[in-house]
Amino acid sequence: MDMQAPEMTKTTTPLIDSFGRQVTYLRVSVTDRCDFRCTYCMSENMKFLPKKDVLSFEELNVLIDAFVARGVKKVRLTGGEPLVRRDIMDLIGRISRHLTSSHLRELTLTTNGSQLVRFAKRLKEAGINRINVSLDTMDAGKFTDITRRGRLEQVLAGIEAADSAGLSVKLNMVAIKGFNDTEIIPMMKWAHGKGYDLTLIEEMPLGEVSRDRAKDFLPLRKVRDDLAETFTLDKISHATGGPARYVRVKETGGRLGFITPMSHNFCESCNRVRLTCTGQLYLCLGREGRVDLRVALREKGASGLDAILDEAMVLKPKGHDFDPSRQAPAIARHMSMTGG
Ligand code: SAM
Ligand code: SF4
């Protein structure tokens, strides 16, 4: 089978969907496994994918090369927890050669922070400059509750290690009514005091999680209006290529982002696609449409990928449409599978 990476030097056709949006951002879930079981992300008894279905690093690398050859400029590694996949630095090393050659503008990752003490320096050395770390509460007991097993202290040490290694840190906080709404202001002050951006995220109905999400849904429009009573939120054009919309908080000097998949549909400027660890390419986080790149790769080798990527572009939907008042998941697969 031809596993050669596509040629990078020739001019290639960009990935453009039926709505004229160019796909320049690939999120790769390198594993669906995780050392935490966050209550909004997973059920208590998650069944993980059989290891035999998971792509090898060699296969993932060929797929990522195919996207880079078609004009993808940003790759984010996610999961599950990317830093629990064995030998992850091997994959990161392979991808980072595209940074050196300038075919890729940015390689980054989203992590729960539990392994950062071990990895922060190596990530920086591999050319990663920015990372997202999920942190929903600064209360140690609540942290263990929401992650069902995590230790806050370990994650805070990880964030500190990332900072010391020279990585820019952005914190992701899923806003949950009655759980962490009163912590938003203290978290923002703490994050901005440390020089970290903070992004608030609306919870999405992805996968069965043994909780009533609709009951705890906190619209960020309301959070923003409440914050605006105490703080001056100046709109800024800061863009990271992702879905967050940012303001500068005058009083703290820091940046605050809002990801509002539920209350505001940001799909019109979507530049993203998501690859799972088994090679399924999802064209939208909130829709079922996908193509199977693993089968394409294993049957036809790297040379068959261009054609299937073109097919995928036709499947990319205009947008998603979540209903915050519905209790049942809009999509059966968990966020840990598709990759956040
Ligand atoms: N394990 C890593 C982490 O927690 O950062 C990476 C994977 S996680 C699925 C990526 C992001 O998705 C995290 O910031 C997490 O808080 C967020 N997330 C998970 N489930 C979500 C949901 N149902 N709605 C909104 N965000 C969710
Ligand atoms: Fe794991 Fe991240 Fe999901 Fe939490 S949000 S269970 S850390 S994958």
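Is T31 buried or exposed? At 8% relative accessibility, T31 counts as buried, where buried means under 20% relative accessible area, exposed over 50%, and partly exposed anything in between (1.4 Å probe, protein chains only). The model is a predicted one: local features need pLDDT of at least 70, side-chain atom pairs count only at pLDDT 80 or more, and totals for chains, interfaces and linings use all residues. Residues are numbered from 1 along each chain as its sequence is written, and side-chain values use heavy atoms, with hydrogens and water left out.

First, the protein as a whole. It has 10 helices and 12 strands; helices (H or I, at least four residues) and strands (E, at least two) are DSSP runs, numbered from the N terminus. The radius of gyration is 19 Å, close to the 20 Å that the globule rule gives for 340 residues, so the protein is as compact as a globular protein of that length. That radius is taken over C-alpha atoms, and the globule rule is 2.2 Å times the number of residues to the power 0.38. Along the principal axes, the C-alpha atoms fill a box of roughly 60 × 45 × 40 Å.

Of the 340 residues, 56% count as buried. Among contacts with a separation of 6 or more, 74% come from residues 24 or more positions apart, a contact being heavy atoms within 4.5 Å. The accessible surface comes to about 14600 Å², and 50% of it belongs to carbon and sulfur atoms; areas come from the Shrake-Rupley method with a 1.4 Å probe, and for residues only the protein chains shown count as cover. As for charge, the mean positions of the 52 positive and 43 negative charges are 2 Å apart. In that tally Lys and Arg count as positive and Asp and Glu as negative, while His and the chain ends are not counted; each charge is placed at NZ of Lys, CZ of Arg, CG of Asp or CD of Glu.

Back to T31 and its surroundings. T31 sits in the loop between strand 1 and helix 1 (57-69). Not counting residues up to four places away in sequence, T31 touches T78, G79, G80, E81, P82, V84, R85, C277 and S336.

The backbone oxygen of T31 is in turn reached by the side chain of S29, at 3.3 Å. S29 belongs to strand 1 (residues 25-29) and counts as buried, at 0% relative accessibility. Both S29 and T31 turn up among the contacts of S336, along with D32, C41, M42, M46, G79 and G80, once neighbours within four places in sequence are left aside. S336 itself is part of helix 10 (residues 335-338) and is buried, with a relative accessible area of 2%. The C-alpha atoms of S336 and R33 are 7.5 Å apart, although 303 residues separate the two along the chain.

Next comes helix 4 (residues 140-147), where T147 is found. T147 is buried, with a relative accessible area of 3%. A polar atom of its side chain lies 2.7 Å from the backbone oxygen of F143. Beyond its neighbours within four places in sequence, T147 is in contact with F36, R37 and C38.

L135 counts as buried, at 0% relative accessibility.

Two loop residues have a backbone feature worth a look. D87, in the loop between strand 2 (74-78) and helix 2 (88-100), has a phi near 60°, a positive value in a residue other than glycine. S102, in the loop between helix 2 and strand 3 (106-111), is not a glycine either, yet has a positive phi of about 65°. D87 is exposed, with a relative accessible area of 53%, and S102 is exposed too, at 56%.

Methods
Chains are lettered from A and ligands numbered from 1 in the order in which they are written. A polar contact is a pair of N or O atoms within 3.5 Å; within protein, one must be able to donate a hydrogen and the other to accept it, and residues adjacent in sequence count only if both atoms are side-chain atoms.
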